[in-house]
Amino acid sequence: MTAATTPPTPSTSATGPTVTEREAREVAEAAREADWRKPSFAKELFLGRFRLDLVHPHPVPAEEDARRGEAFLAKLREFCETKIDSARIEREARIPDEVLSGLKDLGALGMKISPEYGGLGLTQVYYNKALALVGSASPAVGALLSAHQSIGVPQPVKMFGTEEQKQAFLPRCARTDISAFLLTEPDVGSDPARLATTAEPDGEDGYLLDGVKLWTTNGVIADLLVVMARVPASEGHQGGITAFVVEADSEGITVENRNAFMGLRGLENGVTRFHRVRVPAAHRIGPEGAGLKIALTTLNTGRLSLPAMCAGAGKWALKIAREWSGVREQWGRPVARHEAVSAKLSFLAATTFALEAVLDLSSQMADEDRNDIRIEAALAKLYGSEMACLMADELVQIRGGRGFETAESLAARGERAVPAEQLLRDLRINRIFEGSTEIMHLLIAREAVDAHLSVAGDLIDPEKSLGDKAKAGARAGGFYARWLPKLVAGPGQLPSSYQEFHPSGHADLAHHLRYVERASRKLARSTFYAMSRWQGRMETKQGFLGRVVDIGAELFAMSAACVRAELLRSRGEHGKEAYQLADVFCRQSRIRTDELFARLWTNTDDIDGKLVKSLMGGAYTWLEEGVIDPSGEGPWIADATPGPSQKENVHRKVR
């Protein structure tokens, strides 16, 4: 978590770049958005400053944006209800061409693209509502639309492309062409410093791409690709990881495999090989070396597509759980009236409300562009993906044996075809997609402690000189002299604070906001103590950092739930019920938060590390005896040596 400004130039081998741990961190650090030009509610929360004014009153869409958004949602709902057969997609493991063609005709490929370039120009709020709707009809279709618009060609070209590139690519993406994003490689995941795909300047105002990309969502049917490749530094070329728009039918591109997964069985995800693929320099997005920064900046709002579908999944899980629990009887009464099940139903209802609150608040802030939401979007993705999996698991448990049984089997014996087990399988990938939970913990933690590293980073950097450390000490002294006293007391200790959140006849949300304010200061104090204790070793304390982030996620979710409840009350839209949902959610969240605070200092992190050291040294292989390993033969990681493809091209064109 140490700061850096200039990325290293990794050495290379036959299998790709070889980098040290420090070099890998420096590459990631150099790709960050270093500046905070706008306020951030979540960043302030981690610093012990509960800036409720940044999110309350809850921002709302403009009337025209809402009108256009609702009109499109009505058309999209009709399409989903009449044209998308989720059971068929699950059965055939493929989205029918007629569904994809229908989405194109509807304009769904261009939801986020400006009308100037042929798109619908929906706001982030309504784009996410659309994804939640489509994802409930078929998670595979939702994933296709999300990958196309949130991380595919439209978003990076919109944000970083030239006007010529926008004119060339955005109209195609809005109506006819499906796009994909290609970063991951067989031996490169969240560590892009080891990226092996290269883009060699050809001396003729172009580049030659060579390499293999793995898990290319939409790659099997894509028309346009965003490809991240390493440009070697040379005379006239700065080099570095660079973003390119590539025509999917270019000579030298082979989709070598269509991957199959435990869930999202209609996902058009594959392995793509590039062999001497020529890309014009005019198709490069941004300057050489800016690829990772473009990818990370794109994801700041692109990540909101995943919690959108998680929120939609929560709504469906709640509906099924409520309906089933009312008709299924045990011991003379519906199972909903048994405390063991009612606790699960309460969790589903309260958490569904909170997930939608987090999503809508983050999305509306993204639309207004007055706040920096990089942490909020990351928290929404992290929290949404984790909680949705818990909710799906609870739905399966409530349904019992029927939850474990497939929808097809249920229908075959005459019962309602409820795909509860499919929901569990489909949602599981969201804890890995677009940054695994573990990576999200580290990413958010880095942003959360940015203020500390800005003033005191040189103090804990072993490579800094004594002079640099002395200057850092002076800066840190001034910062902490002003900051630390403010963590001692705050509005959370005043019974009269936030009283507008306790209107007559409604649940009391004010005391939850006072808790959030107190917990925010406690979290900041805990982080400061940890940095003082571990200093340069702080970046290795991933268990501690993960809990810090999880606490921040709970505090953000509580804040969003309270603010949303007050918005609905002020509009006369189920205000009393919204307050009750927010109250129950906050009570549940506070229990989780208190447990996380306790585990900051009472945990097994150290002895876990010692055990794993022995485990990897072979001390416990005897524990693995007595079973059969059903795995097939083959290497753990497939060979990705550059060269011509030896496989059939399974790329298909959507008709």
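**Exercise 1.** State how accessible arginine 265 is, then describe its salt bridge with glutamate 90.

Solution. Arginine 265 has 37% relative accessibility and therefore counts as partly exposed. The classes are buried (under 20% relative accessible area), exposed (over 50%) and partly exposed (in between), with a 1.4 Å probe and protein chains only. The model is predicted: local features need pLDDT of at least 70, side-chain atom pairs count only at pLDDT 80 or more, and totals for chains, interfaces and linings use all residues. Residues are numbered from 1 along each chain as its sequence is written, and side-chain values use heavy atoms, with hydrogens and water left out.

Next, take the partner. Glutamate 90 is at 14% relative accessibility, so glutamate 90 counts as buried.

Helices (H or I, at least four residues) and strands (E, at least two) are DSSP runs, numbered from the N terminus.

**Exercise 2.** Describe the salt bridge of lysine 541 with aspartate 606, and then that of aspartate 187 with arginine 194.

Solution. In the pair of lysine 541 and aspartate 606, the N to O distance is 3.9 Å. Lysine 541 sits in the loop between α20 (510-534) and α21 (542-571), and aspartate 606 in helix α23 (residues 605-616), so this pair ties together parts that are 65 residues apart in sequence. Lysine 541 is buried, at 18% relative accessible area, whereas aspartate 606 is exposed, at 54%.

For aspartate 187 and arginine 194, the closest N and O atoms are 2.6 Å apart. Aspartate 187 is partly exposed, at 40%, and arginine 194 is partly exposed too, at 25%.

To finish, look at the whole structure, which holds 46 salt bridges. Arg94, Asp97, Arg258, Glu268 and Arg652 are linked in a network of them.

**Exercise 3.** Describe strand β6: its burial, the directions of its side chains and its pairing.

Solution. Strand β6 covers residues 224-231, and eight of its eight residues are buried. Leu224, Val226, Met228 and Arg230 point one way, while Leu225, Val227, Ala229 and Val231 point the other way. In a regular strand the side chains alternate between the two faces of the sheet.

Then consider the pairing, for which DSSP must find at least two bridges between two strands. With strand β3 (residues 179-182), β6 pairs in the parallel sense over four bridges; here phenylalanine 181 stands opposite valine 226. With strand β7 (residues 240-247), β6 pairs in the antiparallel sense over eight bridges; here methionine 228 stands opposite alanine 243.

**Exercise 4.** Find where alanine 407 lies, whether alanine 407 is buried or exposed, and what alanine 407 touches.

Solution. Alanine 407 lies in helix α15 (residues 407-412). Its relative accessible area is 18%, so alanine 407 is buried. Leaving aside residues up to four places away in sequence, alanine 407 touches Ala417, Val418 and Pro419, where contact means heavy atoms within 4.5 Å. Leucine 195 is 212 residues from alanine 407 in sequence and 41 Å away in space, C-alpha to C-alpha.

Notes
A salt bridge is a side-chain nitrogen of Lys or Arg within 4 Å of a carboxyl oxygen of Asp or Glu.
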